[in-house]
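Work through the exercises below with the sequence and the model open. Try each task before reading its solution.

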Amino acid sequence: MYNIESIYSNYEEILQEFTQDVISNRYSCLFQECNRFLDSLHIKEAVRVDEVVLMHAVLDYFSDVSRLKKYHPINHINEIKVISYESFWLLRRKPLQIVKKEQEDDILSFVNEKFVFSRIASFLVGDRANQVLKGEDKRSFLNYLDTLYYFLKYRQYDPQMLELMMLGFRAGELWGRQEE
């Protein structure tokens, strides 16, 4: 008989389904991404990546993907689901840990939320990072980003909500192209 601890801490089936290489590669990419993020904000001395917590986030992500693939008979999930489920588990597990807090700082207090926010924003912007928005478009986009960050910090979220939020953003992009 399964108990709750064995269900949520036994990842042997996940290792068999996805292979250790696939899981290790995802972990390595996220670990490097975390460190680049900390470097970019010059907070690496104040925040560290907890490797055990990050690995649990990665394994939880793969557990969810496994369940998705079994429920909806599919072989691969789309990129929006990937970023949604990764984001959810990074927010839930919080692998970025404050080790030295010298002052009250919104970035340190919500470092995991800021990291996930930067990942989602980068995903949404994609290869248009150098595009310059002006006027009302810029205000609307910045308002959207402010709202997203606020939501990640203070509201309830789940992977499906994050997925819907990104799909909505993509739908808005398509709608905006109709005017051109």
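This is a predicted model: local features need pLDDT of at least 70, side-chain atom pairs count only at pLDDT 80 or more; totals for chains, interfaces and linings use all residues.

Residues are numbered from 1 along each chain as its sequence is written, and side-chain values use heavy atoms, with hydrogens and water left out.

**Exercise 1. The chain as a whole**

Task: State the secondary structure content of the protein chain and the order of its elements.

Solution. Begin with the assignment: helices (H or I, at least four residues) and strands (E, at least two) are DSSP runs, numbered from the N terminus. On that basis the protein chain has nine helices and two strands. Their order along the sequence is α-α-α-β-α-α-β-α-α-α-α.

Next, take burial, where buried means under 20% relative accessible area, exposed over 50%, and partly exposed in between (1.4 Å probe, protein chains only). Of the 180 residues in the protein chain, 38% are buried.

Last, take contacts, meaning heavy atoms within 4.5 Å. Among those between residues at least 6 apart in sequence, 77% join residues at least 24 apart.

**Exercise 2. Helix H7 and its partners**

Task: Describe H7 by its length and burial, then work out how H7 packs against H5 and H3.

Solution. Step one is length. H7 has 15 residues and reaches 21 Å from its first C-alpha to its last, close to the 21 Å expected at 1.5 Å a residue; the expected span is 1.5 Å times one less than the number of residues. After H7 comes Gly126, with a positive phi near 60°.

Step two is burial. In H7, 11 of the 15 residues are buried, among them Val111, Phe115, Arg119 and Phe123.

Step three is the pairing with H5. Axes are lines fitted to C-alpha atoms, for helices over the stretch in contact, and angles run from 0 to 180 degrees between N-to-C directions. The axes of H5 (residues 79–93) and H7 (residues 111–125) come within 9 Å and cross at roughly 170°. H5 is therefore roughly antiparallel to H7, given that angles under 35 degrees count as roughly parallel, over 145 as roughly antiparallel, 65 to 115 as roughly perpendicular and the rest as oblique. The contact includes Ile83, Ser87 and Leu90 of H5 and Val116, Arg119 and Ile120 of H7. Its residues divide into eight nonpolar, two polar and four charged. For this count, Ala, Val, Leu, Ile, Met, Phe, Trp, Tyr, Cys and Pro are nonpolar, Asp, Glu, Lys and Arg are charged, and the others, Gly among them, are polar.

Step four is the pairing with H3 (residues 20–40), whose axis lies 11 Å from that of H7 at an angle of about 105°. H3 and H7 are therefore roughly perpendicular to each other. Leu30, Glu33, Cys34, Phe37 and Leu38 in H3 meet Val111, Lys114, Phe115, Ser118 and Arg119 in H7. The residues of this contact divide into six nonpolar, one polar and three charged.

**Exercise 3. Polar side chains under cover**

Task: For Arg119, Ser87 and Asp64, find the burial,, and a polar partner,,.

Solution. A polar contact is a pair of N or O atoms within 3.5 Å; within protein, one must be able to donate a hydrogen and the other to accept it, and residues adjacent in sequence count only if both atoms are side-chain atoms.

1. Arg119 lies in H7 and counts as buried because its relative accessibility is 8%. Its side chain has a polar contact of 2.7 Å with that of Glu33. Beyond neighbours within four places in sequence, Arg119 is in contact with Leu30, Glu33, Ile83, Glu86, Ser87 and Leu90.
2. Ser87, in H5, is buried at a relative accessible area of 0%. A polar atom of the Ser87 side chain lies 2.6 Å from the backbone oxygen of Ile83.
3. Asp64, in H4 (residues 51–71), is buried at 11% relative accessible area. The side chains of Asp64 and Trp89 form a polar contact of 2.7 Å.

**Exercise 4. Positive phi**

Task: Where in the chain are Thr19 and Lys94, and how exposed are Thr19 and Lys94?

Solution. Most residues other than glycine have a negative phi. Thr19, however, has a phi near 75°; Thr19 sits in the loop between H2 (12–18) and H3 and is partly exposed at 37% relative accessibility. Lys94 has a positive phi of about 60°, lies in the loop between H5 and strand S2 (96–98), and is partly exposed at 29% relative accessible area.
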